[in-house]
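Me: I would like to go through a few residues of a protein chain. Please show me the sequence and the structure.
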Amino acid sequence: MNKNFLFSLFGKSPQTQEGHNLLIDKIYSLKDHTNLIIYDNVDIFLHKRRQTIPLMIYDEYRALFLFEIKEWSYEDLKDASLTKTEQAKQAENTLSYSSMHEAVTNKLDEIIHNSDIPIHNYLLMTHLSSSEYQNLDDSLKKILLKEKIIFNDLDADAILKKLQKEAQNQNSYGSAEKIVGSLLTQYTLIDKDNKLFLANAEQKTFIDAPLKNFTNIQAAPKSGLSSTLLLKAIFEILKNPSLKITIIKPTKLAKDILHRQFLEIIEHAIVEFDILSVTILTPDEIGTKKHSELGEIIMCDDGMLMQEEFIEYLKSLQSKHKIVLTNDTTDKVTFSFKESYLIKEKNILFYETNPHAKALQLIAQLLKQKDSKELLIVSNRDNRTKLIDDLKFFIEEDVTAFDSSVSLTFQELERLKLATYTDLNELIYNDAILLDIDEATNHELEYVINHAQESVHILYAKDSQNLQQLKEIYAGK
């Protein structure tokens, strides 16, 4: 056999086929009928190392499948053979999977302390059919094992059957969020409760895409937008450590909460990462910076909560920075996050009453069933002060006068929270009590109602336009 061919077979790192790969399309079609988790051309980052895997599949009961992709045709292989000496040398490691195995096992060991997850090696032959394989030299077949090759003429059912010949474990090796989420930092969202989620197709498309000078993301409420922006920023810097990125949040508290989430993602990932390469600022802080002090990429989260003049200022920076805006209605949409993780079933109740007295009564009732940190009361600033004063005598609970302009360091979020409608960004709560709805914008009302997990209690003394709009949307839900 030609020495150059031997080197290409066993010495080189696997190369992904350029252009459209029909075999990978067939494998992705398996997701429609199975619980397989499939990624192609993905990077595993650990400390300083970056390892690319051409194709990876996770099956909860068979564990991990790693694939090399080879473009050898029958013409490349038909005259090839191996001597007995060469066969002996290559018998234990028929293809160069060792670097991929090392990256996977090391990362699993460091994050979940388990490097014993089974790994199955397969080869995608993009230009070789199963019939052509039969005509290869027998010595070559001992190295290129038929049962481990996905030929280009196999249909999706045949591919699935071949993969399913691997032994199925009766017990789960772990959820996809646990296993894949430990391996693929760039696609693993960590929510405010430290739960792991894998990026959905819409989020992954944005994370993978090269950024243009201007990007506008249209996102539904609770679409995971903030977490996805963090992942995109982290991924860009992992690929290019010299890069600097600025993320903008509307308030100081929202900035602090996002920064805490950023540090949790980095800690979970176990990568060498300069945390100063990502700077999170408020619009006021941006105003004190020179253009040269901002990152090459600027991401503006929660743009609807910022002044139009500030958004226009960001757009003017396109010549020197790549700008990412969210929910900007004046520009063409680049990416859409339509999938939402809002709780659909929740109780939305209306009370025509004395709002202040009813609020005190509802708080007392809810605290008999709920932890105080799960409850949020929203009103104007004056009524918030009155409620805080009365609660000191009405219940024995510590309360937080929530203020988004104050740093997270100086606020206790594990208590009963009282906020105004301008303070809601990034808050977590199960149940909300709303007063003074006529003083809130439609966007603010929608935000507080959408983000409640279980119930919303709307208190009013008289009819109003805002009330009628809310009843049209939510009455009876």
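Me: In which loop is Asp 398 found?
Reply: This is a predicted model, in which local features need pLDDT of at least 70, side-chain atom pairs count only at pLDDT 80 or more, and totals for chains, interfaces and linings use all residues. Residues are numbered from 1 along each chain as its sequence is written, and side-chain values use heavy atoms, with hydrogens and water left out. Helices (H or I, at least four residues) and strands (E, at least two) are DSSP runs, numbered from the N terminus. Asp 398 is found in the loop between α16 (381-394) and β16 (399-401).

Me: Is Asp 398 buried or exposed?
Reply: Buried means under 20% relative accessible area, exposed over 50%, and partly exposed in between (1.4 Å probe, protein chains only). Asp 398 has 52% relative accessibility, so this residue counts as exposed.

Me: Where is Asp 302, and is Asp 302 buried or exposed?
Reply: Asp 302 lies in the loop between β11 and α14 (308-315). Its relative accessible area is 18%, so Asp 302 is buried.

Me: What is the phi of Asp 436?
Reply: Most residues other than glycine have a negative phi. Asp 436, in the loop between β18 (429-434) and α17 (442-450), is not a glycine, yet its phi is positive, near 55°.

Me: Which residues is Lys 289 in contact with, leaving aside its neighbours within four places in sequence?
Reply: Lys 289 sits in the loop between α13 (283-286) and β11 (297-300). Contact means heavy atoms within 4.5 Å. With those neighbours left aside, Lys 289 is in contact with Leu 281 and Leu 294.
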